[in-house]
Amino acid sequence: MSGTAVAGSYRTLLADPVVARTFVLALVGRLGYAVLPLTFLFTVRQSTDSFATAAAAMAVFGSTTLVMPVQARLADRHGQRVVLTCVAAGFVLVLGAAALVARGSGGAPAAAWLAISVLLGLTAPALGPSMRAQWRWFVPEGPARVKAYSLDAVCEETLYLVGPVVAAAVLARGPAWHGLVLVAGLIAVGAAGLVSSPAATVTAAAAVAAAAPRRANDLGGTGNSPAPSDAPRPSDAPRPSDAPRPSDAPASGGAAAPGRRGSPLGLAGMRRLLALMAGFGCASALMYTGVAARADAAGHPGWAGYVEAAVAAASVIGGLAWGARRHRRAWPAQLAGTLALLGISLCVASAMTSWWLLGVVLVGAGLAVSPSYTVAFVAADAETPPHLRTEASTWVSTITNLGSSGGTALAGVVVGAWGAGAPLAVAGVVALVAAAAAGSLAATPSRS
């Protein structure tokens with residue numbers, strides 16, 4: 001495969017109508033998760049007349065979504081069609097029930113909303129990890145898959161620009177529970193798009209046995225031999241990522257096999273990656289909360305929205321640029337670079353007194369956000385055997401979200417102790433510590 005064919009345009013990824021349709025419908029569903037937070041928060045607020053109850057309901061929902069890695073493991077074993085259909089149907093039904101409860105004139109007690117939050121978290125379909133699993137089926141390993149993950153990351157980042165605007169429009173035109181109905185429809189469309197894909201019936205074991213030449217041919221390969229990106233490359237690993245590696249093998253020395261039970265958390269490489277992503281999530285949350293705190297202290301809360309929009313736009317640009325390049329360094333070195341850019345930008349931003357300069361400097365931080373996610377998802381593939389990759393991708397998202405929760409809580413403490421300008425400085429330190437840790441991994445000859 002030529003360099004041009006490998007690095008080709010993002011349009012190449014979506015040249016197949018089946019891939020394009022699946023990705024677009026999956027994005028429609030994932031938009032539902034960007035609309036849900038505000039609409040659910042204010043649905044509970046309007047029903048109970050208590051913001052504290054609404055916040056508690058959101059916290060419960062966030063904590064119960066920790067079951068998503070279990071859902072991903074089931075999808076790896078039984079195929080997405082069975083698993084996604086069941087959980088998405090449950091999620092839509094719970095959202096419908098929540099809308100009916102909110103529509104009632106008498107409202108509902110706090111306990112009822114907390115129970116609804118638990119059910120929503122338990123049934124939330126893992127649309128993002130499911131789409132990334134399908135990318136692994138559609139796209140051969142190597143630069144083309146990096147490009148696919150980059151496209152996925154920047155589109156998701158864009159959704160979280162659009163989602164709050166959609167939610168605000170719903171809240172401006174009627175009761176908040178209308179948003180829950182909208183979310184139910186969006187999630188249903190996304191799940192239907194994913195389960196209708198030919199990749200939805202493929203289990204992890206079947207994916208391992210799938211013919212790589214056919215997939216390479218779909219994206220411009222020779223069609224008769226595996227693409228060079230599927231072969232061992234010194235810059236990525238000493239052996240193909242689909243082959244058993246020392247870190248995948250159990251203590252007895254046997255290689256991990258598709259049918260063998262296990263968890264990504266049992267692999268040393270995954271644990272290191274997740275620790276770094278927890279730091280990334282913590283720093284990101286400190287950044288966003290710090291910007292909001294400074295805007296509030298200045299008496300202009302709306303300014304935070306402009307700065308966050310600039311960060312998100314920079315993240316989209318950074319992700320697209322990252323996916324368009326070849327990357328020959330191992331993932332710890334790549335992640336060290338993105339985290340260092342994030343940390344340096346945040347430290348400089350903490351010293352800015354002008355909002356214009358703050359926004360300009362934080363563009364540098366935004367450039368690191370989507371690439372960090374892309375590196376993490378590629379690294380999760382590299383550090384796990386094929387039958388665990390969907391679960392591994394889900395753990396990346398889950399641990400990053402946990403780090404974000406911790407960062408948000410830490411920001412509140414920091415603001416109370418040192419003022420509104422402090423969270424950005426703390427965020428920079430956290431990111432630089434994570435960058436140093438990633439750099440030490442890159443400098444270690446063997447990570448297994």
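Which residue forms a salt bridge with Asp152? Arg132 does, and the closest N and O atoms of the pair are 3.7 Å apart. The model is predicted: local features need pLDDT of at least 70, side-chain atom pairs count only at pLDDT 80 or more, and totals for chains, interfaces and linings use all residues. Residues are numbered from 1 along each chain as its sequence is written, and side-chain values use heavy atoms, with hydrogens and water left out.

**Salt bridges**

- A search of the whole structure finds seven salt bridges, each defined as a side-chain nitrogen of Lys or Arg within 4 Å of a carboxyl oxygen of Asp or Glu.
- Helices are DSSP runs of H or I with at least four residues, numbered from the N terminus.
- Both Arg132 and Asp152 are buried; buried means under 20% relative accessible area, exposed over 50%, and partly exposed in between (1.4 Å probe, protein chains only).
- Glu156 and Arg30 form a salt bridge through their side chains, at 3.3 Å from N to O. Because Glu156 lies in helix H9 and Arg30 in helix H3 (residues 17–48), this pair ties together parts that are 126 residues apart in sequence.
- Glu156 counts as partly exposed because its relative accessibility is 25%, whereas Arg30, with a relative accessible area of 2%, is buried.
- A network of salt bridges links Arg30, Arg132, Asp152 and Glu156.
- The side chains of Asp381 and Arg145 also meet in a salt bridge, at 3.5 Å from N to O. Asp381 is in helix H16 (residues 355–383) and Arg145 in helix H9, so the pair links distant parts of the chain, 236 residues apart.- Asp381 is buried, with a relative accessible area of 3%, and Arg145 is buried as well, at 7%.

**Cys155 in helix H9**

- Cys155 is found in helix H9 (residues 143–173).
- With neighbours within four places in sequence left aside, Cys155 is in contact with Phe23 and Leu27, where contact means heavy atoms within 4.5 Å.
- The C-alpha atoms of Cys155 and Ser370 are separated by 9.7 Å, although the two residues are 215 residues apart along the chain.

- Helix H7 (residues 110–123) has 14 residues and reaches 20 Å from its first C-alpha to its last, close to the 20 Å expected at 1.5 Å a residue. The expected span is 1.5 Å times one less than the number of residues.
- The buried residues in H7 include Trp113, Ile116, Ser117 and Leu120.
- Helix H17 (residues 389–418) has 30 residues, and its reach of 42 Å from first C-alpha to last is close to the expected 44 Å.
- Gly419, which follows H17, has a positive phi near 105 degrees.

**His327 and its loop**

- His327 is placed in the loop between helix H14 (302–323) and helix H15 (331–349).
- His327 counts as buried because its relative accessibility is 13%.
- A polar atom of the His327 side chain lies 2.7 Å from the backbone oxygen of Trp322.
- The His327 side chain also reaches the backbone oxygen of Arg325, at 3.4 Å.

- Leu341 is in helix H15 and counts as partly exposed, at 36% relative accessibility.
- Together with Ile317, Val363 and Leu367, Leu341 makes a nonpolar surface patch of about 300 Å². Patches are made of residues with over 30% relative accessible area and no salt bridge; like charges are joined within 9 Å and nonpolar side chains (Val, Leu, Ile, Met, Phe, Trp, Tyr) within 5 Å.

Notes
Helices (H or I, at least four residues) and strands (E, at least two) are DSSP runs, numbered from the N terminus. A polar contact is a pair of N or O atoms within 3.5 Å; within protein, one must be able to donate a hydrogen and the other to accept it, and residues adjacent in sequence count only if both atoms are side-chain atoms. Accessible areas come from the Shrake-Rupley method with a 1.4 Å probe; for residues, only the protein chains shown count as cover.
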